[in-house]
Each structure stands twice: as C-alpha cells, then as structure tokens.
Amino acid sequence: MSTLSAARQFEFDFRSDNSDVAQQSISSGAAPRTRAGGADIFDMPRFPTFSYPTSVGAAASRNAARLNAASIDPVEHKGLLEERQMLLDKELAETLSHEEANRLAYVRWSLDRVDDAKYGLGLERLESMVSDLERFHTDVRQFHSELDRLKKSGGRRDRYRN
C-alpha cells in the first residue's frame with residue numbers, strides 16, 4: 001500500500017445529492033429550502049472536511065538540508081563530538097572565551113543538523129500523525145456537538161407543520 005493511499009484511507013466523503021443545498025442554507029443562515037414536492041430539507045449538521053494543507057516547498061527544503069548533513073564524513077563527525085566535549089569542559093571550568101562560546105554554538109548547531117538528518121524524518125512523520133490525529137479528534141468533537149445541538153432542537157424545524 002502506498003503512503004498516499006494509506007494517508008487517504010481515513011478521508012470520508014459525506015456528500016449526498018442534497019447535502020450541498022442543505023450545507024449552503026446552514027452556512028448562510030438562510031431558512032431551510034424545500035425539495036421538489038414541498039418537503040423540508042431538515043437542518044443538516046456541518047460535516048467536517050478532514051482535509052489539511054501541507055507545505056511541499058518546506059518539506060523539500062528540509063529534505064535537501066538533511067541530505068547535505070547526512071553526507072558528513074564519520075571522521076569529521078567524530079571531530080565535532082570531540083571539539084564539543086572540549087569546549088563543554090572549558091565552559092564548566094568557566095575558562096571559555098567569547099570566541100570559543102561562539103564556536104561551541106556553531107558545533108552544537110552542526111551536530112544538531114547531523115542528528116536531524118538521522119532522526120528528523122521519522123520524528124517529523126510522527127509529529128504529523130499526532131497533529132492529524134489531534135485535528136481529527138477536534139473535528140469529531142465539533143461534529144458530536146453539532147449532532148447534540150440538532151438532537152436538542154428536535155432535528156427538523158417545523159417537522160409537523162402543514
């Protein structure tokens with residue numbers, strides 16, 4: 001199963017023949033319209049869309065940076081780790097100069113880029129899944145609230161009116 005189809009498997013299409021008309025009357029605040037034959041279109045709930053935008057450009061930029069950081073030579077990576085340890089030792093001994101503090105910040109940043117190249121994509125996917133799940137939970141909660149509101153109002157307006 002491809003990633004796209006797996007991601008889309010939780011999308012629902014709640015549309016029916018009359019849902020557009022009912023949804024327009026709900027969102028515009030207009031009185032319910034009638035179907036052919038004079039029957040009321042009942043007050044339909046607002047169905048969640050379950051669609052969320054993504055930024056392809058930002059993802060491509062992050063992936064390019066990760067490819068660059070992942071190409072670090074193991075010897076260079078080991079050198080950065082050793083340099084960071086030496087600078088941290090100086091910082092703890094309170095003998096770190098201003099230039100060395102700047103260098104420590106740069107070495108930390110460089111090592112963060114390497115770690116992001118190793119673990120960033122997996123963490124990003126996990127964060128995205130959690131975020132989608134939280135938005136889905138919010139949509140479902142709003143949908144339940146809408147259903148409760150309709151239940152309390154009796155579902156249809158003027159159900160038994162002539």
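What share of the 162 residues of the protein chain counts as buried? I looked this up at the outset and found 16%. I note here that the model is predicted.

**Entry 1: the chain as a whole**

I counted the elements and found 5 helices and 0 strands in the protein chain. Read from the N terminus, the order is α-α-α-α-α. I then looked up the surface: the protein chain exposes about 12,600 Å², of which carbon and sulfur atoms supply 55%. For contacts between residues at least 6 apart in sequence, I found that 59% join residues at least 24 apart.

**Entry 2: helix H5**

I turned to helix H5, which covers residues 98-153. H5 has 56 residues, yet I found its end C-alpha atoms only 69 Å apart, whereas a straight helix at 1.5 Å a residue would reach 82 Å. I looked for a bend in H5 and located a kink of about 60°, centred on tyrosine 119. Just beyond H5, I noted that glycine 154 has a positive phi of about 95°.

Next I listed the buried residues of H5; among them are Leu104, Val107, Leu111, Val114, Gly120 and Phe143. The list also includes the charged residues Glu100, Asp139 and Glu146. I checked what covers the buried residues of H5 and found that the cover includes helix H3 (56-70) and helix H4 (74-92).

I looked up arginine 66, which lies in helix H3. Arginine 66 counts as buried because its relative accessible area is 7%, under the 20% cut-off. Residues up to four places away in sequence aside, arginine 66 touches Asp116, Ala117, Gly120, Leu121 and Glu124.

In helix H4 I looked up histidine 77. Histidine 77 is also buried, at a relative accessible area of 15%. Its contacts, leaving aside neighbours within four places in sequence, are Ile72, Leu111, Val114 and Lys118.

**Entry 3: salt bridges**

How many salt bridges does a search of the whole structure find? The search gives 8. I recorded three of these pairs in detail.

- Glutamate 124 and arginine 62 meet through their side chains at 2.7 Å, N to O. This pair links distant parts of the chain, with glutamate 124 in helix H5 and arginine 62 in helix H3, 62 residues apart. Both are partly exposed, glutamate 124 at 22% relative accessible area and arginine 62 at 34%.
- Arginine 135 pairs with aspartate 132, their closest N and O atoms being 2.8 Å apart. Both lie in helix H5, 3 residues apart, about one turn of the helix.
- Glutamate 146 and arginine 149 form a salt bridge at 2.6 Å, N to O. They are separated by about one helical turn because they are 3 residues apart in helix H5. Glutamate 146 is buried at 11% relative accessible area, while arginine 149 is partly exposed at 38%.

**Entry 4: a nonpolar patch**

Which residues form a nonpolar patch on the surface? I found Tyr119, Leu123, Leu126, Met129 and Val130, with about 540 Å² of accessible area together. Tyr119 is also the residue on which the kink in H5 is centred. I checked leucine 126, found in helix H5, and it counts as partly exposed at 48% relative accessibility.

Key. Residues are numbered from 1 along each chain as its sequence is written. This is a predicted model: local features need pLDDT of at least 70, side-chain atom pairs count only at pLDDT 80 or more; totals for chains, interfaces and linings use all residues. Side-chain values use heavy atoms; hydrogens and water are left out. Patches are made of residues with over 30% relative accessible area and no salt bridge: like charges are joined within 9 Å, nonpolar side chains (Val, Leu, Ile, Met, Phe, Trp, Tyr) within 5 Å. Accessible areas come from the Shrake-Rupley method with a 1.4 Å probe; for residues, only the protein chains shown count as cover. A salt bridge is a side-chain nitrogen of Lys or Arg within 4 Å of a carboxyl oxygen of Asp or Glu. Helices (H or I, at least four residues) and strands (E, at least two) are DSSP runs, numbered from the N terminus. Buried means under 20% relative accessible area, exposed over 50%, partly exposed in between (1.4 Å probe, protein chains only). The expected span of a helix is 1.5 Å times one less than its number of residues. The bend at a residue is the angle between axes fitted to the seven residues ending there and the seven starting there. Contact means heavy atoms within 4.5 Å.
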